[in-house]
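Colleague: Before I plan any work around this protein, could you take me through the model, with the cut-offs behind each term?

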Amino acid sequence: MSTTTFSRYADLPALIGLMTGDEKHQAAAESTLDVLWVLYDRVLAVTPETADHPDRDRFLLSKGHGPAAFYAVLAAKGFIDVRALRSWAEFDSPLGHHPDRTLVPGAEIGSGSLGHGLGLGVGTALALRAQGRTRTRVVVLVGDAELDEGSNHEAIQLAGRLGLESLTAVAIDNRSATHGWPGGIGERFAREGWAARSVGGRDHTALYDAFTLPHSGRPLAVVARVNPKG
Amino acid sequence: MTTAAPELPDVTAQPMRDTFVAAATAALDADPRTALVLADISADRFAEAAARHPDRVVNVGIREQLLIGVAGGMALAGMRPIAHTFAPFLVERPFEQVKLDLGHQEAGAVLVSSGGSYDYPGYGRTHMAPGDVALLDTLPGWTVHVPGHAAEVAPLLADALRGDGRVYLRLSERGNAAARPVGDGLVTVRAGSGRSSGVVVAVGPMLDRVLAATAGLDVTVAYAATVRPFDRAGLGRLVAAAGQADVLMVEPYLAGTSAHEVAAALSDRRHRQMSLGVTRDIEVRGYGTPADHDRAHGIDTAGIAAAARDFLLA
């Protein structure tokens, strides 16, 4: 494993560059990069050694499009071999343009088609609650345009009504939804009974606080604002 | 419901949904790994189970995409979920969740539908799902059970819950007078002679009709309560013992759903096959009774008898 030499935040552009061949431009364009780093570096209780442990925290990348930052963070944290990044999207690579959980160590779900992660996250959180694993977190990353899919709203509604405190949704908001969200994304979650917080999507301290400050008895929505797409 | 036309003598009322409720409730009581996900349908029947197991009986409301997503998420966390509603809302409406939240995730679940294909014709086309098995057939790895008697439901459910795979249990309120052995592929109900005209396979609730329709014909009648995986080897043996390599499949869902399985089973020999089931080429817009729809699709006893004679005695 090469993780000792590629394990820092500052290494992420180089890791992304192994996939894209254009590290400076591509790394800056990764809207999820800082959220993913803060989650895996400081928030989630999961390591390569505990990746199959029933008590591990779960991270579900629902917005599977543009997974280079996700793969880079998994490589930096030792879940996947840095060398695998070079084979990105080749036929026999474990890493495609959308992640497949059966091929990527540390990936909790396969995604690509939008609007599946929150439903799976609600089910996982319900199962963990039924098993008495009340300290285990389930964090689902969605995009603001992904929220167009109605399936998300089925999950948002139920999680709020059931008070699934262990569930966190982090919505990367680059204002890419075609018809927008008047009043803001956070309002959609808050109306359904979630604790909703909006922070700068590049501000590590603000992201950490948003993920970790108490939100008693309610699921948590963190809206991470980043520069508009394009 | 409308005023009932007399039920066919070869169809027997079967309380499969009640049997399922009892069996699933017993499974919830016995195994903490078992979970039940509902979308309002049958929630009243599971009220006691929900009171005893509030964390493992989850009614998501009328949200069928979430019904399957929650089942997939529970399976990923190590539980054995049952998801249940009427067939159109279990398989057709959330089909991408079935494909991705279960299959693509390699997550297991037991999907239990009721009402197939047209148990409630008074509700019209919206509550019919004759394409459910054909749709699941586009996905790898599904086991599909189609019981023909209420007493076959509990052993099939128990077997499904013991495993980790993806299982579809298709229930109807109409079936056969007697329960048959389940779980071992094709079961010979009536053996034809060595000079017989071929093999007739009756799936689930079609058996008594097939037996009546083929009375007097020298054919082998075999029963299948499990259609996926299909018992290709068993069909091959039955056909080898018959006088003609001719197979008539009679299924309670879309006609020809298993035609490719029959073709694969007999690819090593010259053969003929015919498929009976729910008509593919028109949408029958009538209400009425299930018996009316059997007649419209040619899968009442008279329709099967006529088709069997045309095909097998040709």
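Predicted model: local features only at pLDDT ≥ 70, side-chain atom pairs only at ≥ 80, totals over all residues.

Modeller: Residues are numbered from 1 along each chain as its sequence is written, and chains are lettered from A and ligands numbered from 1 in the order in which they are written.

Colleague: How many helices and strands does chain A have?

Modeller: Helices (H or I, at least four residues) and strands (E, at least two) are DSSP runs, numbered from the N terminus. Read along the sequence, chain A follows the pattern α-α-α-β-α-α-β-α-β-α-β-α-β. The secondary structure of chain A therefore comes to eight helices and five strands.

Colleague: What is the radius of gyration of chain A?

Modeller: The radius is taken over C-alpha atoms, and the globule rule is 2.2 Å times the number of residues to the power 0.38. The C-alpha atoms of chain A fill a box of roughly 45 × 40 × 35 Å along the principal axes. For 230 residues a compact globule would have a radius of gyration near 17 Å, and chain A agrees with this, at 17 Å.

Colleague: How far apart are the end C-alpha atoms of α6(A)?

Modeller: The expected span of a helix is 1.5 Å times one less than its number of residues. The 13 residues of α6(A) should therefore span 18 Å, and this agrees with the separation of its end C-alpha atoms, which is 19 Å.

Colleague: Against which elements do the buried residues of α6(A) pack?

Modeller: A residue is buried if 20 or more other C-beta atoms lie within 10 Å of its own, exposed if 12 or fewer, and partly exposed in between, with C-beta atoms placed from the backbone. The buried residues of α6(A) include Ser151(A), Glu154(A), Ile156(A) and Leu158(A). Contact requires that the C-beta atoms of two residues, placed from the backbone, lie within 7 Å. The partners are α5, β2 (138-143), β3 (167-173) and α7 (185-191) of chain A together with α3 (64-76) of chain B.

Colleague: Is His97(A) buried or exposed?

Modeller: His97(A) sits in the loop between α4 and α5 of chain A, and its C-alpha atom is separated by 6.5 Å from that of His65(A), 32 residues apart along the chain. With 12 C-beta neighbours inside 10 Å, His97(A) counts as exposed.

Colleague: Which residues touch the most other members of the largest nonpolar core?

Modeller: A nonpolar core is a set of buried Ala, Val, Leu, Ile, Met, Phe, Trp, Tyr and Cys residues joined through C-beta atoms within 7 Å. Of the 169 residues in the largest one, those that touch the most other members are Val122(A), Val201(B) and Val250(B).

Colleague: How far apart do the C-alpha centres of domain 1 and domain 2 of chain A lie?

Modeller: Domain bounds come from an automatic or database domain assignment, which for chain A gives domain 1 (1-30 + 68-95) and domain 2 (32-63 + 114-225). The C-alpha centres of these two domains lie apart by 24 Å.

Colleague: Which helix supplies the largest share of the side of chain A that touches chain B?

Modeller: In this interface, 23 residues of chain A are in contact with 26 residues of chain B. Both α5 (117-130) and α6 (150-162) of chain A supply at least two residues of that side. The largest share, 11 residues, comes from α5(A).
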